[in-house]
Amino acid sequence: MEIEFLGHAGFLVSEKEHSLVFDPFLSGNPLAMRKPEEIKPRYIFVSHAHPDHLGDTVLIGKKANSVVYTTFELAEQLGKEGLDVRPGHLGGKQLTDFGSVKLFLAFHGSGIPGGHACGFVVDVCGKKIYFAGDTALFQDMNQLSKEQIDVALLPIGDLFTMGPEDALEAVKLIKPKYVIPMHFNTLPLIKQDPFQFQRMVESETETKVIVLDPGKTFTL
Ligand code: NI
Ligand code: MN
């Protein structure tokens, strides 16, 4: 499995014939190395409607005919814009042709009236990814330790999401094999040193931290 960091909270995951994108914010992202036209995912996952997450979903999804997984309210809006949506909601799991997707809690605004932000637990051919989206730390992340997460994608930027100290606590609750930090350094307001986060996590837990620059790939 290849996991490419697109910058901010964007990831492109490739495994066998499957290609998945999380929160593709490329246009207007000062750290993005890719243009939306270059990305042709079969599946798009959108955690919430804030512009730094919804990003280029409509453009990419229409061009690539992607299937979009998100919460009900946002799916309704994206469906009206012509996207092929698979609405779900918090706690709900769907079987898919790559495996499964479950919408997990996220404590954060949805960016859309009546909606809720979410995270995703995605099983791709037996490999499990937890994409946290934008969230605060919460104790129920300990439910994820039962899922045996291979890779957790966690925000560390602080201010709008968990900062490094809370993300360390999240790692202790989730117990993933690997964690890739995200949602930092896109703007001065969320400046963080990911290598300091790496040292903290690796000295206090069994989890390995993979620090990726935008455009770089981790192979699992
Ligand atoms: Ni947000
Ligand atoms: Mn955000």
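This is a predicted model: local features need pLDDT of at least 70, side-chain atom pairs count only at pLDDT 80 or more; totals for chains, interfaces and linings use all residues.
Residues are numbered from 1 along each chain as its sequence is written, and side-chain values use heavy atoms, leaving out hydrogens and water.

**Exercise 1. Which residues of the largest nonpolar core touch the most other members?**

Start with the term. A nonpolar core is a set of buried Ala, Val, Leu, Ile, Met, Phe, Trp, Tyr and Cys residues joined through side-chain atoms within 4.5 Å. Buried means under 20% relative accessible area, exposed over 50%, and partly exposed in between (1.4 Å probe, protein chains only).

The largest core has 28 residues, and Ile-3, Phe-11, Phe-45, Phe-120, Val-122 and Ile-180 touch the most other members. Strand S9 (residues 118–124) gives the largest share of this core, 4 residues. Strands (E, at least two residues) and helices (H or I, at least four) are DSSP runs, numbered from the N terminus. Another core, of 24 residues, lies apart from the largest one; Tyr-130, Met-141, Ala-152 and Phe-184 are among its members.

**Exercise 2. Why is strand S11 largely enclosed by the rest of the structure?**

Count buried residues. In S11 (residues 151–155), 5 of the 5 are buried, so the strand is largely enclosed.

Check each face. Val-151, Leu-153 and Pro-155 are buried on one side, and Ala-152 and Leu-154 on the other. In a regular strand, side chains alternate between the two faces of the sheet.

Now find the partners. Two strands pair if DSSP finds at least two bridges between them. S10 (residues 127–131) runs parallel to S11, with 3 bridges. Here Ile-129 stands opposite Val-151. S11 and S12 are also parallel, joined by 5 bridges. In that pair, Val-151 stands opposite Tyr-178.

**Exercise 3. Asp-23 has a positive phi. Is Asp-23 buried or exposed?**

Read the angle. Phi of Asp-23 is near 40°. Then locate the residue. Asp-23 sits in the loop between strand S3 (18–22) and strand S4 (43–45). Its relative accessibility is 0%, so Asp-23 counts as buried.

Asn-65 belongs to the loop between helix H2 (57–64) and strand S5 (67–71). Its relative accessible area is 58%, so Asn-65 is exposed.

**Exercise 4. Where is Leu-187 found?**

Leu-187 lies in the loop between strand S12 (178–182) and helix H5 (194–204). With a relative accessible area of 44%, Leu-187 is partly exposed.

How values were computed
Chains are lettered from A and ligands numbered from 1 in the order in which they are written.
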